[in-house]
Amino acid sequence: MSDALGNLFRVVSWTAKQHRRVLDLLGCRCALCGETEALFLTIDHINGGGTEHRRRCTVTAMRTAIINDPDAKKKYRTLCMSCNMAAARCTDDEIKRAIKESIYS
Ligand SMILES: [Zn+2]
């Protein structure tokens with residue numbers, strides 16, 4: 001393995017482990033639909049401001065801040081990518097109702 005490829009593998013591995021630590025802290029399940037596949041899970045800023053937070057720092061720095069925040073569970077929650085995108089436009093109740101009424105469920 002080349003040095004560059006080895007370095008890339010170490011970064012990806014470390015990033016995945018850090019993501020897993022955040023999910024272990026907040027819960028490895030979408031708070032709205034129940035999705036549990038870690039690959040699809042994201043972190044939602046409960047009171048908004050996620051876009052601004054991402055502009056101020058890297059994802060790595062944001063994850064580190066969440067891991068070290070004693071109030072993390074009050075500020076953040078786990079959502080799958082679909083629910084997180086929907087949460088920008090709908091209330092939690094609207095998303096849950098849409099999931100319940102979906103022809104796919
Ligand atoms: Zn979801």
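Predicted model: local features only at pLDDT ≥ 70, side-chain atom pairs only at ≥ 80, totals over all residues.
Visitor: Which of its residues point which way?
Guide: Tyr-76, Thr-78 and Cys-80 point one way from β2. Arg-77 and Leu-79 point the other way. All are buried.

Visitor: What does β2 pair with, and in which sense?
Guide: With strand β1, residues 41–45. The pairing is antiparallel, over 5 bridges.

Visitor: Which residue stands opposite Arg-77?
Guide: Asp-44 stands opposite Arg-77 of β2.

Visitor: Switching to confidence. What is the mean pLDDT?
Guide: The mean pLDDT of the protein is 90. Of its residues, 98% reach 70 or more.

Visitor: Back up a step. How many helices and strands are there?
Guide: The protein has 6 helices and 2 strands. From the N terminus, the order is α-β-α-α-α-β-α-α.

Visitor: What box do the C-alpha atoms fill?
Guide: Roughly 50 × 30 × 25 Å, along the principal axes.

Visitor: And what share of residues is buried?
Guide: Buried residues are 17% of the 105 in the protein.

Visitor: What about contacts between residues at least 6 apart in sequence?
Guide: Of those, 70% join residues at least 24 apart.

Visitor: Now helices. At what angle do α1 and α3 pack?
Guide: At about 35°, with axes 10 Å apart. Helix α3 covers residues 59–68. The crossing of α1 past α3 is left-handed.

Visitor: Which residues make that contact?
Guide: From α1, Thr-15, Gln-18, His-19, Arg-21, Val-22 and Leu-25. From α3, Thr-60, Arg-63, Ile-66 and Ile-67.

Visitor: How do they divide by type?
Guide: The residues of the α1 contact with α3 split into 4 nonpolar, 4 polar and 2 charged.

Visitor: One more spot. Where is Ser-2 found?
Guide: In the segment before α1, which spans 3–26.

Visitor: Why does Ser-2 count as exposed?
Guide: Because Ser-2 has 7 C-beta neighbours inside 10 Å, and the cut-off for exposed is 12 or fewer.

Visitor: What separates Ser-2 and Ala-31?
Guide: Their C-alpha atoms are separated by 41 Å. Along the chain, Ser-2 and Ala-31 are 29 residues apart.

Notes:
Residues numbered from 1 in each chain as written. Helix = DSSP H or I, 4+ residues; strand = E, 2+ residues; numbered from the N terminus. Buried ≥ 20, exposed ≤ 12 C-beta atoms within 10 Å, placed from the backbone. Contact = placed C-beta atoms within 7 Å. Pairing = 2+ DSSP bridges. pLDDT = per-residue confidence, 0-100. Axes fitted to C-alpha atoms, helices over the stretch in contact; angles between N-to-C directions. Left-handed = near helix turned anticlockwise from the far one by under 90°. Nonpolar A, V, L, I, M, F, W, Y, C, P; charged D, E, K, R; others polar.
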